[in-house]
Amino acid sequence: MVTENYREVEKRVCEACARSGRAREEVTLIAVSKYKPVEMIRELMAIGVRDFGENHAQELVSKTEEITEPLNWHFIGNLQRNKVKYVVGRACLIHSVSSLALAKEIQKEAAKKNVTVPVLVEVNIADEETKQGISEEEVYTLVREISELPNLVIRGLMAIAPPVESPEENRPYFRKLKQMQKEIAFFGLPRTEMTELSMGMTGDFEVAIEEGATMVRVGTAIFGAR
Ligand SMILES: *Cc1c(COP(=O)(O)O)cnc(C)c1O
């Protein structure tokens, strides 16, 4: 079931790439496996899937202890400072950095482990009160500040678009994030590459791809409802 679902999503990713004149390789499909059992992850590993998304530090720890094969574990959840030590060294990319305090904690842990940590800065793109992520106005300052931390590299931006009836409603938000990515890239900050745009989930990943997503985070369409 999970395998079939994944193939169906993969097909839709391909079609969205084709529609927007992009190469399939430009987009990483991240299978968001949060709350889902390791057996399901193994099913996908069997067909060659390597990118998985988790949003709880504890769950990331237990899953990486059970699955020792090298995979790309993406940390996409709200990260508390006291959980940073569990994520640094385990996640290939932390998608959800939205404060300097958190970035500094990651820096501390990265220095201790002598590693470089790739991160995305999470933007509260629709300015929703309930959402994590930094506001559009504050993001430029935050990126500058993070670029001064020697053990972090900024790979781009991430956003969670609001739940909507039609995915088209989120197109302006995706477009705005793409615009911000371009502006920040223009600054030419140290340790800042701005090549990645993590946006699009089950309800809107095709529109996100059309607007320039390089990573889509799909849970429900692959693993079923949580
Ligand atoms: C759960 C989650 C997803 C996946 O959501 P679906 O709608 O199930 O595809 C994507 N991004 C983040 C940050 C999440 O927490």
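## Terms and model

Buried means under 20% relative accessible area, exposed over 50%, and partly exposed in between, with a 1.4 Å probe and protein chains only. This is a predicted model, in which local features need pLDDT of at least 70 and side-chain atom pairs count only at pLDDT 80 or more, while totals for chains, interfaces and linings use all residues. Residues are numbered from 1 along each chain as its sequence is written, and side-chain values use heavy atoms, without hydrogens or water.

## Overall fold

The protein chain has nine helices and eight strands (DSSP runs numbered from the N terminus: helices are H or I with at least four residues, strands E with at least two). Its radius of gyration is 17 Å, close to the 17 Å from the globule rule for 226 residues, so the chain is as compact as a globular protein of that length. The radius is taken over C-alpha atoms, and the rule is 2.2 Å times the number of residues to the power 0.38.

The C-alpha atoms fill a box of roughly 45 × 40 × 30 Å along the principal axes. Buried residues make up 52% of the 226 residues. Take contacts (heavy atoms within 4.5 Å) between residues at least 6 apart in sequence: 61% join residues at least 24 apart.

## Helix H6 and its partners

Helix H6 spans residues 136-146, and its buried residues are Val-139, Tyr-140, Leu-142, Val-143 and Ile-146. They pack against strands E4 (93-97), E5 (117-123), E6 (152-159) and E7 (192-198), and against helices H5 (100-113) and H7 (171-187).

The axes of H6 and H7 come within 11 Å and cross at roughly 35°. Axes here are lines fitted to C-alpha atoms, for helices over the stretch in contact, with angles from 0 to 180 degrees between N-to-C directions. From H6, Glu-136, Val-139, Tyr-140, Val-143 and Arg-144 meet Lys-176, Met-180, Glu-183, Ile-184 and Phe-187 of H7. By class, this contact has six nonpolar, no polar and four charged residues (nonpolar: Ala, Val, Leu, Ile, Met, Phe, Trp, Tyr, Cys and Pro; charged: Asp, Glu, Lys and Arg; polar: the others, Gly among them).

## Lys-34 and the UniProt record

An unreviewed UniProt entry places "modified residue: N6-(pyridoxal phosphate)lysine" at Lys-34. Such annotations may be inferred rather than shown by experiment. Lys-34 sits in the loop between strand E1 (28-32) and helix H2 (38-46). At 16% relative accessibility, Lys-34 counts as buried. Beyond its neighbours within four places in sequence, Lys-34 contacts Gly-53, Glu-54, Asn-55, Glu-59, Lys-63 and Arg-226.

The unreviewed entry also places "domain: Alanine racemase N-terminal" at residues 23-225. That span is 37% helix and 22% strand, and its end C-alpha atoms lie 30 Å apart.
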